[in-house]
Amino acid sequence: MPKIIHYRNKCIGCGICFELQPELWRMSKKDGKATLLKAQASKDIFILTIPAAMEDKTREVVKVCPVRVIKLS
């Protein structure tokens, strides 16, 4: 199963991840950054295992992130 890795501390809060995949992302009202829903946190790195069916859409999100803080492994 693929995993999303989000380096939240480097997020600039553009919101494109939320726009493209709202089922996985929210924009924080507190600091304006993206939050990966239901992710496991390790310091400022958040990891979420996703179903294979979501992989193509997630790859699109990875491509459009302007600061490249979202990875797929």
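Select His 6 to begin: at 1% relative accessibility this residue counts as buried, a term for under 20% relative accessible area, with exposed meaning over 50% and partly exposed in between (1.4 Å probe, protein chains only). The model is a predicted one, in which local features need pLDDT of at least 70 and side-chain atom pairs count only at pLDDT 80 or more, while totals for chains, interfaces and linings use all residues. Residues are numbered from 1 along each chain as its sequence is written, and side-chain values use heavy atoms, with hydrogens and water left out.

His 6 is found in strand β1, residues 3–7; strands (E, at least two residues) are DSSP runs numbered from the N terminus. Display next its contacts, meaning heavy atoms within 4.5 Å. Leaving aside residues up to four places away in sequence, His 6 touches Cys 11, Trp 25, Ala 34, Leu 36, Asp 44, Ile 45, Phe 46, Val 69 and Ile 70.

Now select the lining of the largest cavity, which includes His 6, Cys 11, Ala 34, Val 69 and Ile 70. What is the make-up of this lining by class? It has 10 nonpolar, 2 polar and no charged residues.

Finally, move to Leu 72 in strand β6, residues 70–72. Its contacts, not counting residues up to four places away in sequence, include Pro 2, Lys 3, Ile 4 and Ile 50.

Notes: On a 1 Å grid over the protein atoms alone, a cavity is a set of points where a 1.4 Å probe fits but cannot get out, and a pocket is an open set with protein on both sides within 12 Å along at least five of seven lines; lining residues have an atom within 4 Å of a point. Ala, Val, Leu, Ile, Met, Phe, Trp, Tyr, Cys and Pro count as nonpolar, Asp, Glu, Lys and Arg as charged, and the others, Gly among them, as polar. Helices (H or I, at least four residues) and strands (E, at least two) are DSSP runs, numbered from the N terminus.
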